[in-house]
Amino acid sequence: MTGKKPAGKVPAAGVRQSNGSGSDRGGGSPVSSSTGEPTTAAASSSTSESISGENANNNIEQGRELTSQFGKLELSQLGKDVENLSKRAQKQMAVEKRHLFWETQPVGQFKDRNNQDVAEGSIEPSGDLASVRQEPYNLPSTYEWSTCDINDENTMKEIYTLLTNNYVEDDDNMFRFDYSVEFLRWALKPPGYFSDWHIGVRAKGSKKLVALITGVPAKIRVRDQVILMAEINFLCVHKKLRSKRLAPVLIREVTRRVHLKDIWHAAYTAGVVIPTPICTCQYWHRSLNPKKLIDVGFSRLAPRMTMSRTIKLYRLPEETSTPGFRPMERRDVPAVTHLLQNYLAQFQVAPVLTEEDIEYLLLPIMNVVNSYVVENPASHEITDFCSFYTLPSTIIGNDNYSLLKAAYSYYNVATSVPLLSLMSDALIMAKRHDYDVFNALDIMHNEPFLKDLKFGPGDAHKWELSTSAIRLGRNVAGDGESTSGFFLGIRHTTCLCHRAEPSFSPPFL
Ligand SMILES: CC(C)(COP(=O)(O)OP(=O)(O)OC[C@H]1O[C@@H](n2cnc3c(N)ncnc32)[C@H](O)[C@@H]1OP(=O)(O)O)[C@@H](O)C(=O)NCCC(=O)NCCS
């Protein structure tokens with residue numbers, strides 16, 4: 001599911017990453033069953049999730065051994081290599097691990113990775129609406145399904161509370177996403193949304209919301225074919241109910257409700273490796289408020305750097321440099337749509353966005369999304385635009401600071417100026433609005449500007465995009481290398497944009 005890492009920490013300029021754990025795990029630590037809290041024993045409705053795979057377990061052990069040996073090596077000039085190897089070992093473990101739920105699902109399977117005979121396209125023919133199960137999947141007896149009415153303020157507060165306390169954390173449990181209510185509303189109510197795709201689980205007695213999964217409809221072009229999909233997001237299980245196979249039940253239930261709308265494909269991202277990503281990417285972070293970032297442990301002071309030199313290093317101009325740079329307004333929607341549609345056409349996989357979508361997704365909303373256009377001062381033509389969305393993270397257990405204000409790069413199209421200049425102006429605007437850090441993925445055409453604009457790679461590992469019910473080409477990042485393009489945040493989170501590549505061909509991964 002939509003896998004993000006909150007504010008994955010970043011080294012100060014020139015410093016290697018501090019955390020070489022290489023874990024791809026999103027979310028907090030599993031909760032022990034000895035907590036005395038309610039449990040959801042055997043929540044999954046699947047009968048095919050049997051425990052086996054001794055070989056896989058051996059491989060996992062070997063992988064762990066390898067990783068721990070790597071961890072013991074001196075972090076010298078070899079540090080980076082070791083860390084990469086460690087990450088590869090982790091990835092290999094994930095690939096070889098049994099996935100007792102995902103192996104039963106119509107998704108690309110790891111075992112087919114090198115099978116040239118496995119064709120691209122839908123894994124199963126679109127289903128028969130009449131055969132879709134009418135009743136919700138079974139939950140443990142003390143829990144019940146609850147469709148969340150996101151127009152109801154109280155329900156929104158409940159969703160906010162569940163996520164703010166239980167959603168994605170970084171691997172060291174120092175930061176946790178803190179999506180605002182306004183943001184959640186924006187993400188969950190795009191044009192054409194279905195209210196019954198906002199699925200909660202409540203404790204029957206207390207009615208407390210303990211789990212969530214959501215979907216919104218999205219049109220995604222895959223090569224030449226436009227497919228109506230569900231974009232799945234906000235999969236969350238309360239910390240006290242983890243590791244009890246509740247997530248597969250949530251995923252099955254949202255799948256059932258998606259099928260009921262005669263939709264048979266889905267796209268989602270995850271911070272864990274599950275079968276089978278069509279691409280992988282990584283966050284990069286640009287310090288805007290280096291002192292705070294260092295104080296809260298988000299980044300570290302580089303060797304031989306003082307705080308004042310670090311502050312100077314990341315200082316930005318007060319004013320933007322592109323003539324005609326201004327906030328996007330409603331009248332810009334047609335021009336921005338046109339720019340973005342042209343831009344997205346170059347990718348193998350990309351969202352299909354109409355003016356209605358652009359108006360919804362990009363018109364600025366305070367503390368949710370900021371968008372700027374470049375209006376040619378002479379012709380008044382809109383030639384470029386950039387945007388970022390706001391996703392703060394709770395700083396866990398810090399006496400001085402409680403919130404990290406992060407901007408996330410969204411859609412950017414440069415035609416009259418270099419992308420680097422446009423993004424530099426975006427950084428200046430983010431700084432002006434008091435963001436602490438500006439995050440971007442190494443996707444689309446981002447990579448060339450990342451280093452020049454002093455972004456550093458995070459230690460929050462990779463972000464995987466997967467699709468359900470469809471096989472999509474080869475994952476060029478399947479060997480753990482970072483990709484240079486092809487995956488794009490849509491509605492702050494998910495997918496998609498495969499860069500057109502001549503060598504891009506089956507088999508997938
Ligand atoms: C993600 C989360 C809901 C999983 O719940 P859990 O209690 O840890 O796991 P469960 O025992 O219920 O289910 C395990 C199954 O779910 C799968 N799973 C775990 N995280 C997943 C994810 N992000 N997307 C899809 N499937 C996931 C596992 O791979 C496993 O299936 P498998 O055996 O086929 O591999 C929970 O850890 C959580 O709320 N984490 C914090 C928020 C978060 O990370 N959300 C996901 C954002 S991508």
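Biologist: How does R223 count, buried or exposed or in between?

Modeller: R223 counts as partly exposed, because it has 15 C-beta neighbours inside 10 Å. Keep in mind that this is a predicted model.

Biologist: Where is R223, and what's its phi doing?

Modeller: R223 is in the loop between β5 and β6 (225-237). Its phi is positive, about 50 degrees, although R223 is not a glycine.

Biologist: What about R304, where does that one go?

Modeller: R304 sits in the loop between α6 (290-295) and α7 (307-313). R304 has a positive phi too, about 60 degrees, and is not a glycine. R304 counts as exposed, because it has 7 C-beta neighbours inside 10 Å.

Biologist: And which peptide bond is cis?

Modeller: That's the one from P275 to T276, with omega near -20 degrees. T276 belongs to the loop between β7 (266-270) and β8 (277-287).

Biologist: OK, zooming out. How many helices and strands are there?

Modeller: The protein has 11 helices and 18 strands. Of its 509 residues, 47% are buried. Among contacts with a separation of 6 or more, 79% are between residues 24 or more positions apart.

Biologist: Which residues touch the most other members of the largest nonpolar core?

Modeller: L250 and F385, in a core of 109 residues. Strand β5 (residues 209-222) gives the largest share of this core, 9 residues.

Biologist: What does L250 touch?

Modeller: Leaving out residues up to four places away in sequence, L250 touches I199, A211, I213 and L235.

Biologist: Switching to strands. Is β15 covered on one face or on both?

Modeller: Both faces of β15 (residues 406-409) are covered. A406 and Y408 are buried on one side, and A407 and S409 are buried on the other.

Biologist: Which way does β12 run against β15?

Modeller: Antiparallel, with 3 bridges joining β12 (residues 382-390) to β15. In that pairing, T390 stands opposite A407 of β15.

Biologist: And how does β15 pair with β16?

Modeller: In the parallel sense, over 3 bridges, with β16 covering residues 437-441. There, A406 stands opposite V437 of β16.

Biologist: What do β15, α10 and β16 make together?

Modeller: A right-handed β-α-β unit, with α10 spanning residues 419-432.

Biologist: How many bridges join β13 to β14?

Modeller: 2 bridges, with β13 covering residues 393-395. S393 stands opposite L404 in β14.

Biologist: Now helices. At what angle do α3 and α4 pack?

Modeller: At about 105 degrees, with the axes of α3 (residues 153-166) and α4 (residues 181-188) 10 Å apart. That angle makes α3 roughly perpendicular to α4. M156, K157, I159 and Y160 of α3 make the contact with V181, L184 and R185 of α4.

Biologist: And how far apart are the axes of α8 and α9?

Modeller: 9 Å, for α8 (residues 333-344) and α9 (residues 355-362), which pack at an angle of about 105 degrees. α8 and α9 are therefore roughly perpendicular to each other.

Biologist: Which residues make that contact?

Modeller: From α8, V333, P334, V336, T337 and L340; from α9, E355, I358, E359 and L362.

Note on methods. Residues are numbered from 1 along each chain as its sequence is written. This is a predicted model: local features need pLDDT of at least 70, side-chain atom pairs count only at pLDDT 80 or more; totals for chains, interfaces and linings use all residues. A residue is buried if 20 or more other C-beta atoms lie within 10 Å of its own, exposed if 12 or fewer, and partly exposed in between; C-beta atoms are placed from the backbone. Helices (H or I, at least four residues) and strands (E, at least two) are DSSP runs, numbered from the N terminus. Two strands pair if DSSP finds at least two bridges between them. A crossover is right-handed if, with the strands pointing away from the viewer, the path from the first strand over the helix to the second runs clockwise. Two residues are in contact if their C-beta atoms, placed from the backbone, lie within 7 Å. A nonpolar core is a set of buried Ala, Val, Leu, Ile, Met, Phe, Trp, Tyr and Cys residues joined through C-beta atoms within 7 Å. Axes are lines fitted to C-alpha atoms, for helices over the stretch in contact, and angles run from 0 to 180 degrees between N-to-C directions. Angles under 35 degrees count as roughly parallel, over 145 as roughly antiparallel, 65 to 115 as roughly perpendicular and the rest as oblique.
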